[in-house]
Amino acid sequence: MDATVNPAVRQGQGIFSRYRRVDTITKLTVIAATVIALIYILLPIFWMLKSSFQTAAEIKQLPPKWIPDQIRLDSYQDINLLIPIWRYIFNSIYVSAAAALLATLIGTSAAYVLSRFRFPGMTLILVTILVTQLIPPITRVFPLYALIQDAGLLNTYTGLILSYAGFSLPFSILLLKGYFESSCPPEIEEAALVDGCSYISTFLRIILPISLPGLAAVTIFTFLNAWNDFLWASLLLNSSEMKTIQVGIGDLTAEGGGTRYVSMFMAACVLATVPALIMFIFVQRWLVSGLTSGSVK
Amino acid sequence: MSTISVRNVTKKYGAVTAIPDLSLEVTKGEFIVLVGPSGCGKSTLLRMLAGLESITEGEVAIDGEVVNNMMPRQRNIAMVFQSYALYPHMTVAGNMGFSLKLDGADKAEVAERVNEVAKILALDSLLDRKPAQLSGGQRQRVAMGRSIVRDPSVFLFDEPLSNLDAKLRVQMRAEIKSLHNRLGTTIVYVTHDQIEAMTMADRIVVMNAGTIEQVGAPLDLYDQPANRFVAEFLGSPSMNLIDGTISDSGTVVLGSGLELPLGASLRAGAEVTLGIRPEYISLSDTGGMKVRCMVSVIEPTGPATILVVEMGDEKVTIEVTGRVAHRVGDFIDIWMAKEHCHLFDTSSGIRLDQ
């Protein structure tokens, strides 16, 4: 029997070719939308970066000069004369890392218990955790300030670290609970127990390595939240050498950062971005995996 | 090889009793299958043997030693889980050698033993892969390999084949059976698939609602079920069960008024259930009880044909070898082999013709 081909299909004019054309238009639209979104997001960052290499006069020039004539590093050298930027960056790293560590430790323990055991009051605990997410953050200012003051933790890193860890805990617990339930089924622990592990070695040798993406997601989430915070750091710390980088940059604005020292201001902003960016690049593979792991089994 | 004794074991979850007073003896090297519908307590019993579930009352002994308060690792047992439960961050070799590593075996010893078992299970080319890179059948073999490597005294299998497709299940069934023949280790195997139970077990334990309905060799249970539950549970298609009453003349009168010459020794008026397996009903005169009925369903399976016929108000399943020429709606005569008919007490379900 001879095989025949529909001439319309052979010439690429059949129903499939129409779909292919529609598909190409869809692809181009998506690409165009993505490029516009990227420009929208990246333009301020590019502006910050190029301005940090320009003089104040060049920055204010109209029409704007998008590419600097010369890469000047003066702003990066001089910024330390205006504010103790390295001290502020170190302070930020310290409080952010400590808060991330604390939130991960507490969040892991709480999420593990909530995902593995059934006990009276468990639903209430979960609902309470969820409800805390629904309260507008600004409403916490007075009660939390009073609490930190009463505990004698005003103007201490401990007070700030406890606050940051507390803010991140509800999200961390919910994320890790879902992670433990989807990625670490109880059978894996049981298999480890049968294989010869104790409860502690099961946690250390099996649960912890499997949960690394989830832990990384929680760690970076807390770290970035703490790193980017301005409100609490300016409320709870008042000693100048204890300030975090965000508060430091805020002070710089008041001292001519937006006018005379605009190039130094931009340099400070670039420096404030770099540690968070390095951390994000370092753990982004785990972060993406950790955030999506609970969605599909 | 070990013996297992389960003595008057009870398992309660709060006010709910999952297993009330169960006793069972497993002999050395035996392949015993716990079978029953979902929720009958078979997996709970297996987990109590493994030490993954506490025992409310009673004792479990392995080789005469009571293990109630021992951790799983102290019991020298290995378990294969339904979901494989492989460690996703370890390679196949890592998974298989994990227990030996925990026991403090040196690297060379672990590698040697892992390679040895990998060869048996045809996993030697996959040792460097992670579980995510394996097919379902390969994962199942790794789970088995992980258990074999330890050379345990008892293997516990918790529905290990239920995640596999039909073809692979048949293949793995044969592999597990040949593995048992080779190693001779005592195996306790949980399944809800009665075909698995029939084909693999030395003895089957049929469980229902936390209790043992019957224990015995597969064909003994098939031919001589202790009660209606066992009769119905074992066999596919399952046994035909038709309610009736014993007449004054000792015959069984079915609901539709049909009278069958059975049950002569039983009290007149007793309510009974007639049971006969589909393969013991014939479409040709084999000397059994002849009944006229109408064909309502025909299911050709290739080597056999399954017919559902209407016998009065009752539907009866028949399994005949080969193909049939009948069509739906045809009236046909069937012959029921009298010697293969069972009578069960309708209220208690106990078999009366023992």
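Trainee: How many salt bridges are counted between chain A and chain B?

Mentor: In this predicted model, the count between chain A and chain B is two salt bridges.

Trainee: What makes the pair of A:Glu190 and B:Arg47 a salt bridge?

Mentor: The closest N and O atoms of A:Glu190 and B:Arg47 are 2.7 Å apart. The rule asks for a side-chain nitrogen of Lys or Arg within 4 Å of a carboxyl oxygen of Asp or Glu, and therefore the pair is called a salt bridge.

Trainee: Which elements of chain A give two or more residues to the side that touches chain B?

Mentor: They are α9 (186-195) and α10 (199-228) of chain A. With eight residues, α9(A) gives the most to that side. By class, the side of chain A that touches chain B has 10 nonpolar, two polar and four charged residues.

Trainee: How do you know what area chain A and chain B bury between them?

Mentor: The size of an interface is often given as the accessible area lost when the parts come together. For chain A and chain B the buried area is about 1700 Å², and carbon and sulfur atoms give 68% of it. In chain A, A:Glu190, A:Val194 and A:Asp195 lose the most area to chain B, together 38% of what that side buries. As for contacts, 16 residues of chain A meet 21 residues of chain B. Six residue pairs across this interface are in polar contact, both residues being at pLDDT 80 or more.

Trainee: What is buried between domain 1 and domain 2 of chain A?

Mentor: Domain 1 (2-51) and domain 2 (76-294) are the divisions of chain A. Between them they bury about 390 Å², 79% of it on carbon and sulfur atoms. On the side of domain 1, A:Met48, A:Leu49 and A:Ser51 lose the most area to domain 2, together 92% of what that side buries. By class, the side of domain 1 that touches domain 2 has three nonpolar, one polar and no charged residues.

Trainee: Why does A:Ser51 count as buried?

Mentor: The relative accessibility of A:Ser51 is 0%.

Trainee: Where does A:Ser51 lie, and which residues is A:Ser51 in contact with, leaving aside its neighbours within four places in sequence?

Mentor: A:Ser51 belongs to helix α2 (residues 15-52) of chain A. With those neighbours left aside, its contacts are A:Ile59, A:Ser263 and A:Met266.

Methods:
Residues numbered from 1 in each chain as written. Chains lettered and ligands numbered in written order. Predicted model: local features only at pLDDT ≥ 70, side-chain atom pairs only at ≥ 80, totals over all residues. Heavy atoms only, no water. Domains from an automatic or database assignment. Buried area = accessible area lost by both parts, 1.4 Å probe. Nonpolar A, V, L, I, M, F, W, Y, C, P; charged D, E, K, R; others polar. Helix = DSSP H or I, 4+ residues; strand = E, 2+ residues; numbered from the N terminus. Buried < 20%, exposed > 50% of the residue type's maximum accessible area, 1.4 Å probe, protein only. Contact = heavy atoms within 4.5 Å. Polar contact = N/O pair within 3.5 Å; in protein donor to acceptor, adjacent residues only side chain to side chain.
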